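Me: I'd like to learn how to read helix packing and chain contacts. Can we go through a case together?

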Amino acid sequence: MTDLVRGTQSFHFAAAFGAGGLLTLMVLCNGTLAAHGSLFFASWVPHLTGSIVALSFLVVLRPKRAAPVRPPLWGYLGGISGGVTVMLTSATMNTALALSGTIALGLAGQVVFSLFADVRGLFGLPKRRPTSRDYISMTFILAGSLILIFLGGGA
Amino acid sequence: MIVYAALAVLAGLLVGLSRQINGRLALSTSALESSFWNHLIGLVFITCIALTIGGLFAGTPGDAPWWAYLGGPIGVVFIAAGSWLIPRIGAAHTAMLIIAGQMISGVLLDIFFKAPGSTSARVIGVLCILGGVWVARGPTKRDKKG
């Protein structure tokens with residue numbers, strides 16, 4: 001692997017890791033809204049403000065469309081899947097699973113889906129075959145996550 | 001109980017599904033546009049459900065601190081980042097690194113807010129995750145160009 005490729009990969013990895021940090025801040029904000037208002041409110045408000053902010057960015061930055069052909073219509077439905085997620089996690093959080101169980105099982109679901117999606121190249125994204133290195137890395141990250149979730153006190 | 005566990009796993013599957021679909025949209029448009037549609041369609045969907053079930057403005061949402069309203073703008077960047085990354089490093093790497101970043105920043109936040117918790121478990125957990133991220137760096141096989 002060339003230095004350039006490795007440098008690009010490091011940048012992508014750092015960006016994904018940083019996005020995880022943003023997710024923590026987002027959960028903190030939305031969770032605080034939910035502590036004062038309803039669970040619907042805590043999901044509705046960020047979607048409303050997010051739509052406005054994203055539209056403003058689009059108007060100001062005017063990013064070029066990557067391809068001249070129109071994307072498939074189902075490509076616009078990712079938000080529905082996200083909306084259902086909010087409802088499911090709100091429901092399971094208040095059962096015996098609690099927040100820790102909900103998060104841990106959610107991680108399992110994400111990992112299984114992402115592996116399957118890579119192997120099959122789901123929804124027209126590039127196919128990738130996970131290497132043994134990937135599985136080792138995944139085992140470490142999941143083990144560390146489970147330790148933090150169940151033994152670290154708070155997730 | 002099994003039903004709720006299945007629902008919690010399903011929620012995780014849907015997170016992956018959403019990221020995959022948004023990533024596909026970003027391939028034809030841009031990461032920012034993908035993030036916009038994700039939020040707008042999600043807004044329409046949640047509005048419909050909330051109007052059907054009711055109770056959107058229950059409680060005392062006015063009492064929330066001002067910064068709690070920043071979740072939306074943060075989410076715009078988060079969704080755009082995911083849509084941008086998934087065609088570049090794959091779904092598994094995107095998911096694992098986001099999880100790693102979320103877990104470690106969560107520990108930092110807990111320490112900042114002085115949340116109770118086991119220090120040794122936090123240290124071991126964080127080291128495990130950092131080790132996993134370190135192992136992940138390296139050549140990846142890509143079957144074919146998409």
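Me: At roughly what angle do the axes of α1(B) and α3(B) cross?

Reply: Some ground rules: this is a predicted model, where local features need pLDDT of at least 70, side-chain atom pairs count only at pLDDT 80 or more, and totals for chains, interfaces and linings use all residues. Residues are numbered from 1 along each chain as its sequence is written, with chains lettered from A and ligands numbered from 1 in the order in which they are written. Helices are DSSP runs of H or I, at least four residues, numbered from the N terminus. Axes are lines fitted to C-alpha atoms, for helices over the stretch in contact, with angles from 0 to 180 degrees between N-to-C directions. Here the two axes cross at roughly 75° and come within 8 Å. Angles of 65 to 115 degrees count as roughly perpendicular, so α1(B) is roughly perpendicular to α3(B).

Me: Which residues of α1(B) and α3(B) meet?

Reply: Contact means C-beta atoms, placed from the backbone, within 7 Å. On α1(B), Arg19(B), Gly23(B) and Leu27(B) are among them, and α3(B) brings residues including Gly82(B) and Trp84(B). By class, this contact has 7 nonpolar, 5 polar and 1 charged residues (nonpolar: Ala, Val, Leu, Ile, Met, Phe, Trp, Tyr, Cys and Pro; charged: Asp, Glu, Lys and Arg; polar: the others, Gly among them).

Me: How many residues of chain B are in contact with chain A?

Reply: 114 residues of chain B touch 110 of chain A. α1(B) gives the most to chain B's side, with 22 residues. That side divides into 66 nonpolar, 36 polar and 12 charged residues.

How values were computed:
Contact = placed C-beta atoms within 7 Å. Helix = DSSP H or I, 4+ residues; strand = E, 2+ residues; numbered from the N terminus. Parallel < 35°, antiparallel > 145°, perpendicular 65-115°, else oblique.
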